[in-house]
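Please keep the viewer open while you read.

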Amino acid sequence: MLWIALELPSLPLQLAERGCVSPTPLVIADGPAQRPLVVCANAAARGAGIREGQAVASAKALAHELKVLPRDASAEVAALEGLAGWACQYSPHSSVDAQGIAMEVEGSLRLFGGHAKLTAEILRGVRDLGYQVTMGIAPTPLAARLFARAEALGTRMRACFDLAELPGRVAGLPLFLLDWPERTLALLADLGVLRMRDALALPREGLSRRFGPDALDTLDKLLGRRADPRPPYIAPQAFHAKIELAAETSSTEALLFPLKRMLVQMEGFLRGRGSGVQQLEITLTPVRKAATRLSLEFASAEREADFILALVREKLGRTRLAAPTLEIELHAACLLSYALRTKAWLPGRDDMALDRNRLLERLAARLGTDRVFGIAIADDHRPERNRGVRPLYSAKQIEWSDPSIRPLWLMHTPQKLVTQEGKPALQGALELVAGPERIEAGWWDGEPVSRDYFVASNPGGERYWIYREHRAPNAWYVHGVFA
C-alpha cells in the first residue's frame with residue numbers, strides 16, 4: 001500500500017483567505033471572550049509585527065486596519081470533508097483526520113502515470129481550490145502524515161516507497177510530530193529521547209510499561225508492524241460548499257474568484273463519483289438583507305468547472321445584488337450519471353450536439369430562459385399552424401414525428417401561382433416531382449383547407465412546395481421553398 005497525506009497548516013487562516021483575491025492584514029482569534037488570542041496571522045499581519053499567541057487587543061494596536069475573525073471549528077471540519085470529497089477522484093479510499101486527509105493511492109499510480117505525475121496533479125488541484133498543503137508519501141498512513149508535518153515545519157518533503165526503508169527514513173524525525181501527550185514528550189525529552197531513532201531503540205516492554213501500550217502501538221503503526229485501519233470518507237449524495245468572504249463585496253466580478261474555487265471542488269467531487277449535475281443553486285448572502293439566489297439548468301449532465309463558470313458569469317452579469325455579499329453557497333441536490341466525452345479527431349454528431357446545447361445554455365444564461373425559443377410542433381395538420389415557437393426548455397421536450405417532406409422555409413402567406421396551359425408556373429413551368437399529399441382539416445374552427453401538396457421543380461432546378469386548393473378559387477399556390 002502507498003499513502004499520500006495532505007497537511008493543511010493554519011487551516012483557519014486558509015479558510016478566511018480562500019475567498020479573497022488580495023488579503024489585507026487578517027488574524028484568526030480564539031480563546032476567552034474577555035481576552036481572545038491570535039491563533040493564526042497572515043503575511044500582511046505578520047509584516048505589521050503581529051504573532052500567534054498575542055492578545056487581539058495588542059494586535060489591533062499594531063495594525064489599525066486589522067481584520068479579526070473568530071475561529072470556526074465546524075467550518076474546518078467541513079473544509080476537510082470537502083477536500084476529501086474532491087480527493088476521491090484520485091483514490092477510492094480517503095480518510096479525514098484532525099490536520100488533513102490521507103489517500104491510499106497504490107491502485108491509482110498506473111492510471112495517473114506514476115507517483116510523480118499523480119502528486120504533481122494533486123498539488124496543482126489543491127492550489128486551484130485555494131488551499132496550501134504539504135505532502136507526505138509513505139507505505140503507512142502515519143508515516144505519510146509525519147512526512148507532511150515535517151515539511152510544514154520547513155523540512156524538505158520526504159517520500160518513502162519501500163516499507164523496509166521506512167525505519168531509516170523516519171529515524172531523524174522529531175518525536176513531537178507524533179500526537180503523543182505533552183507529558184509523554186516532556187518525560188522522554190528529560191531522558192534525552194528526542195527523535196524517532198531514540199524511541200525505537202528503547203526496550204519495547206519498558207516503553208509500554210512506562211508510557212502505556214498506546215505509545216508502542218503508535219510506533220508499530222508508524223513502521224507497518226501493526227495494521228492502521230482508517231475510517232473511509234463516505235461521499236454524500238449531494239454537493240454543498242460554502243465560502244465566507246473576509247469582507248463584503250458588491251462586485252459580481254469579485255464573486256467569480258471564490259465561485260471558481262467552489263466549482264473546481266465540485267468538479268473533483270463529481271469526477272470521484274462518476275456523476276454530473278443538471279441543476280445548480282447559488283446563494284449569495286449579505287449581512288442583514290435577503291439572500292440572492294441563482295439557478296442554473298443544463299440540457300444534460302455537466303461537471304466542467306470552466307464551462308459552468310462561464311454560465312455563472314452570464315447570470316451574475318444580469319443580476320442586481322440586493323446588498324453586498326458576505327457568504328456564497330453552492331448546492332447541487334441531484335447527482336446524475338455522467339457520460340464521459342472523448343475527443344475525436346474529426347467532430348461527429350455528438351460533438352455538434354454538445355456544442356449546440358452549450359450555445360443554447362449560454363444564450364439562456366445571458367438572455368433568460370424565457371427569451372430563447374425553439375421550434376415547436378402543434379397538433380394541427382395545416383402547415384401554417386402546425387409549427388411555432390416556444391420557450392427553449394419547453395419546446396425541446398417536443399419530439400418531431402412528422403415523416404412528411406416539408407421545406408424549412410415556409411411562407412407566412414401562400415402566394416398564388418400563375419398557370420400556363422392549366423399547369424402552375426414560377427419562373428417557368430413547374431414539374432411535379434413528388435406528391436400529392438392531401439390535407440383536409442380546419443372544419444372545426446371555421447378556417448377549413450382542402451389541398452393537395454406537391455414538390456415541384458422549375459427549369460432552373462429550384463424546388464418549391466406547392467399545393468392545389470380544392471375549394472374556391474381552386475387555384476395553385478406556392479407555400480414553401482426547399483434549400
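1. Is Ala57 buried or exposed? Ala57 counts as exposed because its relative accessible area is 61%; the classes are buried under 20%, exposed over 50% and partly exposed in between, with a 1.4 Å probe and protein chains only. This residue sits in helix α3, residues 56-62. Helices (H or I, at least four residues) and strands (E, at least two) are DSSP runs, numbered from the N terminus. From Ala57 to Pro436 the C-alpha to C-alpha distance is 92 Å, and the two are 379 residues apart in sequence.

2. Some ground rules before going on. This is a predicted model, in which local features need pLDDT of at least 70 and side-chain atom pairs count only at pLDDT 80 or more, while totals for chains, interfaces and linings use all residues. Residues are numbered from 1 along each chain as its sequence is written, and side-chain values use heavy atoms, with hydrogens and water left out.

3. Next, have a look at helix α4. Its 15 residues, 73-87, reach 21 Å from the first C-alpha to the last, close to the 21 Å expected at 1.5 Å a residue (the expected span being 1.5 Å times one less than the number of residues). Among its buried residues are Glu76, Leu80, Leu83 and Trp86. The cover over the buried residues of α4 includes α1 (11-17), β5 (93-96), β6 (100-104), α5 (115-129) and α12 (252-273).

4. Glu76 deserves a point of its own. With a relative accessible area of 10%, Glu76 is buried. Leaving aside residues up to four places away in sequence, Glu76 touches Leu11, Pro12, Leu15 and Arg71, where contact means heavy atoms within 4.5 Å. Glu76 and Arg71 also meet through their side chains in a salt bridge of 2.8 Å, N to O; the term requires a side-chain nitrogen of Lys or Arg within 4 Å of a carboxyl oxygen of Asp or Glu. Arg71 is partly exposed, at 38% relative accessible area.

5. How many salt bridges does a search of the whole structure find? The search finds 18. One of them joins Arg149 to Glu7, with the closest N and O atoms 3.6 Å apart. Arg149 lies in helix α6 (residues 141-152) and Glu7 in strand β1 (residues 3-7), so this pair ties together parts that are 142 residues apart in sequence. Both partners are buried, and both belong to a network of salt bridges that also links Asp97, Arg145, Asp179, Asp228 and Arg230.

6. For contrast, check Arg438 and Glu440. Their side chains meet in a salt bridge at 4.0 Å, N to O. Arg438 counts as exposed at 51% relative accessibility, whereas Glu440 is partly exposed at 46%.
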